[in-house]
Amino acid sequence: MPSPSDHRPASQIPGGAVFPHRHLTGIEGLQPHEITFLLDEAEGWIAANRGRATPDKRLAGLTQINAFFENSTRTLLSFEIAGKRLGADVVNMHAAQSSVKKGETLIDTAMTLNAMRADVIVIRHMSSGAVRLIADKVDCPVLNAGDGRHEHPTQALLDALTIRRRRGTIHNQRVVICGDLLHSRVARSNILALTALAAEVRVCAPSTLMPPAIERMGVTPFTDFDNALDGADVVMMLRLQTERMTGGYVPSSREYHLRYGLTLDRLARAKPDALVMHPGPMNRGVEIDSNVADHDRSAITEQVEMGVAVRMACLDVLTRRARGVEGWA
């Protein structure tokens with residue numbers, strides 16, 4: 001496994017892989033070995049972050065713009081910490097403080113960001129496809145921090161890394177993803193990443209929150225959570241995204257919890273060592289009970305830690321060409 005400071009060409013690194021993509025706008029389109037490459041790169045940053053070693057400021061002199069057109073606390077903070085630990089000059093742009101509120105178009109915003117000569121841009125937007133549109137208009141790498149119902153690639157990468165570290169492998173792991181699948185970009189990116197890495201993925205939701213023809217993504221759909229949990233190695237819960245709902249998708253949060261909430265009794269249907277995950281923010285008492293979220297089988301706080309390492313890896317890899325790193329020019 002390459003260390004964070006190993007700048008040899010990927011083809012010369014044992015277990016390495018070429019990552020030819022200029023941007024990271026989604027998991028879709030990535031090959032399994034490219035996903036694994038990013039996970040391997042993140043591993044070194046975990047050790048570096050925990051060890052408090054001499055900071056590696058390889059992005060010193062580079063400007064990272066975090067352009068968030070949709071509110072987020074943990075994702076923005078994670079990208080900001082990742083950039084600063086790498087030595088980048090990090091600038092956060094919030095939509096509420098930008099010209100977007102004054103009627104500026106997305107294209108105009110993209111051209112403005114490009115004129116500022118940023119070295120890497122991290123974008124979060126409420127519209128699917130917005131990140132790709134901006135990526136096509138700028139001269140620097142773009143990372144997708146979540147766009148509409150489309151994708152959230154770094155969340156999927158950090159979830160995959162958490163599973164690999166805690167379970168030893170992703171291959172043949174039975175992963176159950178339960179919750180608001182219809183509105184979840186996290187679910188979509190996780191399905192793409194986990195199926196690419198040969199996990200068995202089950203998805204569970206009320207019929208009103210189940211995307212049509214989701215089985216085409218290589219997953220097995222369930223509406224009965226108890227049945228879906230049988231023999232699960234990993235249980236990943238999703239919150240109800242009420243901010244994206246324009247109608248009554250569930251009778252009530254209480255009724256939803258009765259049928260789809262992860263309780264200790266329900267968790268007993270999974271394997272005895274099953275891992276519990278949640279991308280956050282959690283709605284305790286709705287999709288997950290507190291005694292499950294805080295259980296020793298829960299990896300929720302570890303997911304947050306993995307997020308910083310994954311984002312450091314992605315920022316590093318995508319800026320290597322601009323930095324003239326050998327083998328990436």
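Welcome! Gly280 has its place in the loop between β9 (275–277) and α10 (290–293); helices (H or I, at least four residues) and strands (E, at least two) are DSSP runs, numbered from the N terminus. This is a predicted model, where local features need pLDDT of at least 70, side-chain atom pairs count only at pLDDT 80 or more, and totals for chains, interfaces and linings use all residues. Residues are numbered from 1 along each chain as its sequence is written, and side-chain values use heavy atoms, leaving out hydrogens and water.

**Annotated site**
- An unreviewed UniProt entry places the feature "binding site" at Arg74, Thr75, Arg124, His152, Gln155, Gly280 and Pro281; such annotations may be inferred rather than shown by experiment.
- Gln155 is found in helix α5 (residues 153–167).
- With 6% relative accessibility, Gln155 counts as buried (under 20% relative accessible area, 1.4 Å probe, protein chains only).
- Beyond its neighbours within four places in sequence, Gln155 is in contact (heavy atoms within 4.5 Å) with Val186, Pro279, Gln303 and Arg311.

- Domain 1 (10–151 + 306–321) and domain 2 (153–299) each supply at least three of its residues, with bounds from an automatic or database domain assignment.
- Phe225 has contacts beyond four places in sequence that include Val176, Val235, Met237, Tyr260 and Leu262.

Definitions and conventions. Buried < 20%, exposed > 50% of the residue type's maximum accessible area, 1.4 Å probe, protein only.
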